[in-house]
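Thanks for sending this one over. Here are my notes, point by point, to read alongside the model.

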Amino acid sequence: MPGESITKAPRTSFKARTPEEQAELKRVRKEAEKRAERKTVPARGPLGRWWRRIQASPDRVSLAMCVVAMGVVYGDIGTSPLYTMQAFVAGQGGIQNVDRPAVLGMLSLVFWSITLITTVKYVLVAMRIDNKGEGGIFALYTLVRRYGKWLAIPAMLGGAAFLADSVLTPAVSISSAVEGLKTIPVLEPVFKANGNLTMVITFVIILVLFAVQSRGTERIGRVFGSVVMVWFAFLALIGIYCLGNDWSVFAALNPLYGLEFLFSPHNPVGLAIMGTVFLSTTGAEALYSDMGHVGRGNIYATWPFINVALVFNYFGQGAWLLRNSGNPSLKSATDMNPFFQMMPTTVRYVAVILSVTAGVIASQALITGAFTMVSEATGLNWMPHLQVRYPARTRGQLYIPTVNWVLCVATLTVLAIFKDSEHISAAYGLALTITMITTTILLAAYIWHDHKRVRAIIFAVVFLAIQTLFFLASMTKFMHGGWFTMLLTAAILYIMYTWDVGTKVERSQRRHMTAKECLPALDMLHNDFRIPYFADNLVYLTSDAEMRRLDTDIFFSIFADHPKRARAWWAVSVQTTDAPYTREYSVENFGTNYLFRVRMKLGFKVDQNVATYLHQVMHELIDSGELPKQSSTYPKVDEDPQIGTITYVLIHKALMPESKIDSRGAMSLKVKYAIRHLAGSPIKWFGLAPYNPIVEVQPLFVSTRSVPRLTRVALPKSKWAKAKHPTA
């Protein structure tokens, strides 16, 4: 073999840590020193002792992560003032029809909806129920699924609705903010001359937003967080400015105003007004889903500021509406938006710039929530395994390339279909009401089984009543665009359902062999010199984490068709740990020098390059004498002459036509295999593409139908036979 290198395949480094790990280790050491130093300083008074307990608990607070929380969590709910009161005025038939009972009623409904849904349900109740720090409907389901199989139904439905709404949020938030440019007098002629200009600008912003997701939500959150602080401060200040000296609108804090207006004959839209009220709470579910990205304590620390800013802005818009309900110059205004109209023209420039940025931030909240939801659905075997990257320090901050670009394409498709925010908002929010209802069901189930049954009943009755009202009111949007989100929800739900059923069918057929069952045949093949070597090392990737058994699929692959004789057979599994930089492996050789079961434990930030790490394992086993020495005479892609040839094998299952299985199971398997083909291959995830792995298809061993016997029919004699034997 030539002395110079033939190829440049990756190798394991002799260094124990990468520069990134060194920096992380240094950061962790500094934080530990600071915590130890704080412990040496005696706490001053009850407040000091309380703060120390908080910082030692999972609810700890840091200024940096509070800024990240601002940028990642609150974007969606922060853009609600842009269009909530606008939709209210349009529903009343114009500003001239808006009177004091209507304004006070609307403000009362908005205030108590934010208080009950966002503050009570999500911040005070839901966020106390987490799965190792992660929130969202799927994390909640993992806590309650042992209480009943039926709970999978609301979990799947709610998750599908959330992901469907994630497609619409970037389109409606950014387009509604960009359309605010039309209110600037200097730009008004430009937008009138170019009708599609707002859609083009929105298209570009959405594309850039999805393109920067790979940098991680922590980096994005730091940039957005500062802007969000300014945005919410602006909301509060402009609200206070519009209140002026008239603070009488705060009479709407009395819930009776909301109830009276809801059932008042002067309310032209009736209960459908709740569909408009619901727009003020649309970011609540994202707040719960993004909890794992920023930590619960940082949300607790920032929510009071967010809540106060929202209340001041809504009530400021209400005060402005009361002062201008008789303004003749506004009666003929089209697309009148109180949020922009209540500001002086000079301030409106700043408002438009901030609102566009806030629209981008709103989209970010839903995108990061979607990444978390898909990752958790994969863990529940409701979605295919996808390549996941962790660009930040914590596992909660993740990036899934496939999901990112599917969301991007779907969002741009929505924008192309509906054109502007007015038509997109007709579909917006309907699917999210389903997610809120299903989350309430799962939360009530958790509280019930936590031996707090009275609380569970009260919680379920109150919030199911409110959110069912939201759903029924939002159903009025169905024919005006709501059908689109419901169609998306149904499609995502179908994927989850079929993947779940298909996985259950596959697992019901999975079989394993003990060492006593498989070793006699493998030992015979290993010593059968009549059969040439298929490869020096035959490596199978398996999802089975148990070390002291062999998957039957691997055994049959070795003996199928022409037996695959090798110097060593390997079954390798990879587990991802919660720690970022774990690099560990275990080996079981079953008392042989030719069959090895390897389990690698890799941290979530470690590149899962199985081929590179397996070379290290082989070298160490050769050095220890567990694996006989190997050598390679000819050049190989891994440029490692001390190890023989390596062939990787991936096994895929296929359903046999004769299988005895119902139509539901058969269809689920077909759909699952089609989705898996589109989702990508483990060949790329594990860095095996340069090694040209073999992909085998094996039948799924389900019970088969008995086939009736064939009847043998004698062939008629030919003319030649009759001529030769005429008397026969």
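1. Helices (H or I, at least four residues) and strands (E, at least two) are DSSP runs, numbered from the N terminus. Please keep in mind that this is a predicted model: local features need pLDDT of at least 70, side-chain atom pairs count only at pLDDT 80 or more, and totals for chains, interfaces and linings use all residues. Residues are numbered from 1 along each chain as its sequence is written, and side-chain values use heavy atoms, leaving out hydrogens and water.

2. Do look at helix α23 (residues 453-474). Its 22 residues reach 31 Å from first C-alpha to last, close to the 32 Å expected at 1.5 Å a residue (the expected span is 1.5 Å times one less than the number of residues). Its buried residues include Phe-459, Phe-463, Ile-466 and Phe-470, along with Gln-467. Among the elements covering them are α6 (100-125), α13 (273-277) and α22 (430-449).

3. Next, the interior. A nonpolar core here is a set of buried Ala, Val, Leu, Ile, Met, Phe, Trp, Tyr and Cys residues joined through side-chain atoms within 4.5 Å. The largest has 150 residues, and Tyr-74, Phe-88, Phe-315 and Trp-382 have the most contacts inside it. A second, separate core of 27 residues includes Met-600, Met-618, Leu-650 and Ile-683.

4. Six strands form an open, mixed sheet in the order β5-β6-β4-β2-β7-β8, where pairing takes at least two DSSP bridges between strands. Because β5 (583-588) and β8 (694-700) each have a single partner strand, one side of each is left without a neighbour in the sheet. Within it, β2 (residues 535-541) and β7 (residues 646-655) pair in the parallel sense over four bridges, and Tyr-540 stands opposite Val-649 in β7.

5. Helix α28 (residues 663-679) packs on this sheet and touches β7 and β8 (contact means heavy atoms within 4.5 Å), at about 145° to β7. Axes are lines fitted to C-alpha atoms, for helices over the stretch in contact, and angles run from 0 to 180 degrees between N-to-C directions.

6. Finally, two backbone spots to check. His-451, in the loop between α22 and α23, has a positive phi near 65° and is exposed at 72% relative accessible area. Phe-590, in the loop between β5 and β6, has a positive phi near 55° and counts as buried at 14%. Most residues other than glycine have a negative phi.

Definitions and conventions:
Buried means under 20% relative accessible area, exposed over 50%, partly exposed in between (1.4 Å probe, protein chains only).
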